[in-house]
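Okay, thanks for making time, everyone. I'd like to talk about salt bridges today, so let me put the structure up.

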Amino acid sequence: MAAQDIAPSIDVHDLSYKFPDGSSGLKEVFLHLPPGSRTLLIGANGAGKTTLLRLLSGKRMAPSNTVSISGIDPFKEGLEGVTYLGLEWVLNPIVRTDIDVPTLLASVGGDYYSDRRDELVQILDIDLAWRMHAVSDGERRRVQLAMGLLRPWTVLLLDEITVDLDLLSRSNFLGFLKRETQKRKCTIVYATHILDNLAQWPTHLVHMSLGKVKKWGSMTEFDLVTDTKDRVVTGNSQLGELVLKWLQEDLDERGPRNGKAGQGKTYESLEGKGGYGNENSARLEK
């Protein structure tokens, strides 16, 4: 089977990473995420999720032979089809100016990918008459998601970019992503703290703490596969209880702060910037 007929796999082998100031970001990370998988990246703030996603996307240079997307180093070879939506993306100042939605979508290929554009506009409940300086943060985020996902991608890396979507918009968005992996050759990694509507979404889980991957595997391996025919689906609570258990274990392992260093390198706070920080102080991983 030709490479283009297979969704990308993501492989990480013995990845350790230090920031320019010498502080540790990641320690001995091993992962294999199979083609077509939808992975939830779970961990407390500062666990290393953002750092890992940036290395996978090629936005930071990983040590040689530690990160590959279908066998290709995303930093050295500039792999096409890898889309990263994270900290830098949500602060794009263009989406806060007096500009209309059709112009924004056209600027990223909306006229060429017209069917995909129309589908995203419908799924995210976007009003084409909106002017971006006069909409809410949640409405602005819907337009940004449409812009970021308009061009077909093969690997999608999401760093908690749905916090100020309403429940229905987020549910529709997650449904769209699931269908993408079912009908196209693509793979997703999604770092999030919000587990609503995720019971039937992921195929794999990755648990990070203190810059390390503590556990990873398929939903089946974690015994979290629910019967979709049941009227009462308990998967959300099962997934939530598992994640709460993991985070409590991480906290117990770390112990009281008492002036000790935190879990990992932090990034600039987004509080009050680009609309971020207005969702009841919920935060991205830093």
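Let's start with Lys245 and Glu249, whose side chains meet in a salt bridge at 2.8 Å, N to O. Both residues sit in helix 7, residues 235-254, and they're four residues apart, about one turn of the helix. Lys245 comes out as partly exposed at 46% relative accessible area, and Glu249 is partly exposed too, at 28%. Oh, and keep in mind that this is a predicted model.

Glu119 forms a salt bridge with Lys183, and their closest N and O atoms are 3.9 Å apart. This one links distant parts of the chain: Glu119 is in helix 4, residues 114-123, while Lys183 is in helix 6, residues 167-183, and the two are 64 residues apart. Is Lys183 buried or exposed? It's exposed, at 53% relative accessible area, because the cut-off for that is over 50%. Glu119 is partly exposed, with 24%.

Next up, Asp166 and Arg142, with side chains meeting in a salt bridge at 3.1 Å, N to O.

Last one: Arg96, Asp137 and Arg140 are linked in a network of salt bridges. Okay, over to you.

Conventions:
Residues numbered from 1 in each chain as written. Predicted model: local features only at pLDDT ≥ 70, side-chain atom pairs only at ≥ 80, totals over all residues. Heavy atoms only, no water. Salt bridge = Lys/Arg side-chain N within 4 Å of Asp/Glu carboxyl O. Buried < 20%, exposed > 50% of the residue type's maximum accessible area, 1.4 Å probe, protein only.
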